[in-house]
Amino acid sequence: MDRIPVASPLLGEEEAQAAHETVRQGWITMGAKTRAFEDAVAALTGARHAIAMNSGTATLHCLLAAHGIGPGDEVIIPAMTYISTVNAVLYVGATPVLADSEAGGFNLTADTVRPLITARTRAIMPVDMNGVPPDYDALAALAAEHGIPVLADSAEALGARYRGRPVGIQAQAHSFSFFANKSITTGEGGMVVTDDDALADELRILRNQGQEGRYHHTRLGFNYRMPDILSAIGLVQAGRAEGVVAAKATVARRYDQAFAAMPGVTAARIPDWAQSSWYLYVILVAPELRDPLAAHLDGLGIETRLSFPPVTIQPYHARRFGWSDATCPQALATFRRLLDIPIWPGLPEADQDRIVEAIFDFIAKRGPG
């Protein structure tokens with residue numbers, strides 16, 4: 001029986017031809033294809049500007065650098081996130097301040113952020129965990145009270161919607177990733193979208209070694225350009241984005257129906273204001289069942305993922321900042337229940353049923369916990 005991967009990028013002959021044509025034409029570094037890819041992502045999100053870079057991490061680093069954030073400054077981030085969020089704060093020498101998750105969800109909230117704001121706070125960096133937007137209106141209102149920006153790590157959220165509008169226009173800037181398991185992929189790559197003209201100009205300078213004009217360096221910049229080979233693939237992928245999200249949403253609806261009738265298994269909650277990008281499909285089970293369930297599914301040829309551990313328990317970061325299990329207890333409690341199961345465009349219904357039945361059989365034998 002074939003193994004079912006947890007994610008599978010939708011790549012085909014069009015992407016191969018686009019990359020080949022770019023190589024054949026001879027211009028493979030950042031150029032016209034990158035500009036076209038930027039225009040396509042700006043159109044998808046409704047933002048005025050899109051600035052491509054060679055990774056999602058690079059976009060976060062540049063966003064913080066563009067705001068002059070550095071040593072002595074604090075940036076509020078969620079405890080539950082991929083490691084790049086906290087690492088970008090450390091790259092600029094600032095101090096990460098961790099906000100706990102909302103009860104029953106993944107994301108930080110205005111209520112978990114508010115007590116953390118100090119005179120040293122320079123930005124709030126929420127994360128659309130698992131492609132689910134946080135309450136941007138509440139975060140924007142809180143940030144406005146204190147005169148600080150919201151810089152969103154929306155790595156997983158291209159194609160998600162917030163109150164009916166695409167994610168990409170709610171914060172001062174949004175960062176997207178094009179890693180292989182995202183809604184669209186270039187293998188590696190990222191992009192910032194923003195309506196802020198001055199910020200867009202600054203980001204374009206910073207990603208290109210701080211150049212304003214050829215070999216005229218006015219900033220300490222970075223080599224974060226996206227090459228045209230990747231952008232050519234991304235341009236094809238951008239045309240698939242809406243279809244990819246719609247196809248994954250169809251799978252998610254079948255899962256929702258199945259798990260609604262399954263004791264001991266809860267589908268992750270999607271707030272009323274949000275439409276997920278369905279980066280992955282998340283179920284929650286009793287903590288003592290999660291790892292055995294993952295092992296059971298693996299034995300049946302079904303790949304799963306245990307989600308990102310909160311940064312509070314990452315060895316380097318916990319050691320450096322003295323974080324512990326008690327630092328953000330809600331994030332840790334939620335993480336211990338999370339299991340990501342396969343979802344991707346073209347996942348056959350027979351395989352979806354195989355996944356659901358395997359989970360049901362395990363819970364029936366072990367009990368709901």
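Trp278 counts as buried because its relative accessibility is 14% (buried means under 20% relative accessible area, exposed over 50%, partly exposed in between, with a 1.4 Å probe and protein chains only). Trp278 sits in the loop between strand S11 (274–275) and strand S12 (281–284). Helices (H or I, at least four residues) and strands (E, at least two) are DSSP runs, numbered from the N terminus. Trp278 is not a glycine, yet its phi is positive, about 55°. Most residues other than glycine have a negative phi.

Tyr215 also has a positive phi, near 60°. Tyr215 lies in the loop between H7 and helix H8 (228–260). Tyr215 counts as exposed, because its relative accessibility is 61%.

## Basis of the model

This is a predicted model, in which local features need pLDDT of at least 70 and side-chain atom pairs count only at pLDDT 80 or more, while totals for chains, interfaces and linings use all residues. Residues are numbered from 1 along each chain as its sequence is written, and side-chain values use heavy atoms, with hydrogens and water left out.

## Nonpolar cores

The largest nonpolar core has 79 residues. A nonpolar core is a set of buried Ala, Val, Leu, Ile, Met, Phe, Trp, Tyr and Cys residues joined through side-chain atoms within 4.5 Å. Phe259, Ile283 and Ile359 touch the most other members. Helix H12 (residues 349–366) supplies the largest share of this core, 6 residues. A second, separate core holds 35 residues, including Val41, Ala50, Ala52 and Met191.

Ile283 has contacts (heavy atoms within 4.5 Å) with Phe259, Val265, Thr266, Leu293, Arg337, Leu338, Leu339, Ile341 and Ile359, not counting residues up to four places away in sequence. In soluble globular proteins, nonpolar side chains tend to be buried together.

## H9 against H12

The axes of helix H9 (residues 287–299) and H12 come within 10 Å and cross at roughly 130°. That makes H9 oblique to H12. Axes are lines fitted to C-alpha atoms, for helices over the stretch in contact, and angles run from 0 to 180 degrees between N-to-C directions. Angles under 35 degrees count as roughly parallel, over 145 as roughly antiparallel, 65 to 115 as roughly perpendicular and the rest as oblique.

H9 contributes Glu288, Leu289, Pro292, Leu293, His296 and Leu297 to the contact, and H12 contributes Ala358, Ile359, Phe362, Ile363 and Arg366. By class, there are 8 nonpolar, 1 polar and 2 charged residues. Here Ala, Val, Leu, Ile, Met, Phe, Trp, Tyr, Cys and Pro count as nonpolar, Asp, Glu, Lys and Arg as charged, and the others, Gly among them, as polar.

## H1 against H8

Helix H1 (residues 13–25) packs on H8 at an angle of about 150°, with the axes 8 Å apart. The two helices, H1 and H8, are therefore roughly antiparallel. Their crossing is right-handed.

On the H1 side, the contact is made by Glu14, Glu15, Ala18, Ala19, Thr22 and Val23. On the H8 side, Asp228, Ile229, Ala232, Ile233, Val236, Gln237 and Arg240 take part. The contact of H1 with H8 has 7 nonpolar, 2 polar and 4 charged residues.

## H3 against H7

Helix H3 (residues 56–66) and helix H7 (residues 197–207) pack at about 120°, with their axes 10 Å apart. H3 and H7 are therefore oblique to each other. H3 passes H7 in a right-handed crossing. Cys62, Leu63, Ala65 and Ala66 of H3 meet Leu199, Glu202, Leu203, Leu206 and Arg207 of H7. This contact of H3 with H7 has 7 nonpolar, no polar and 2 charged residues.

Asp340 is in strand S13 (residues 338–341). Asp340 counts as buried, because its relative accessibility is 0%. Beyond residues up to four places away in sequence, Asp340 touches Val6, Asn130, Leu280, Tyr281, Val282, Thr304, Arg305 and Ser307.

Leu98 belongs to strand S3 and is buried, with a relative accessible area of 10%. Leu98 and Val113 are 15 residues apart in sequence, and their C-alpha atoms are 8.4 Å apart. Gly93 lies in the loop between helix H4 (83–91) and strand S3 (95–99). Gly93 counts as partly exposed at 36% relative accessibility. Leaving aside neighbours within four places in sequence, Gly93 is in contact with Gly70, Pro71 and Gly72.

Note on methods. A crossing is left-handed if the near helix is turned anticlockwise from the far one by less than a right angle, and right-handed if clockwise.
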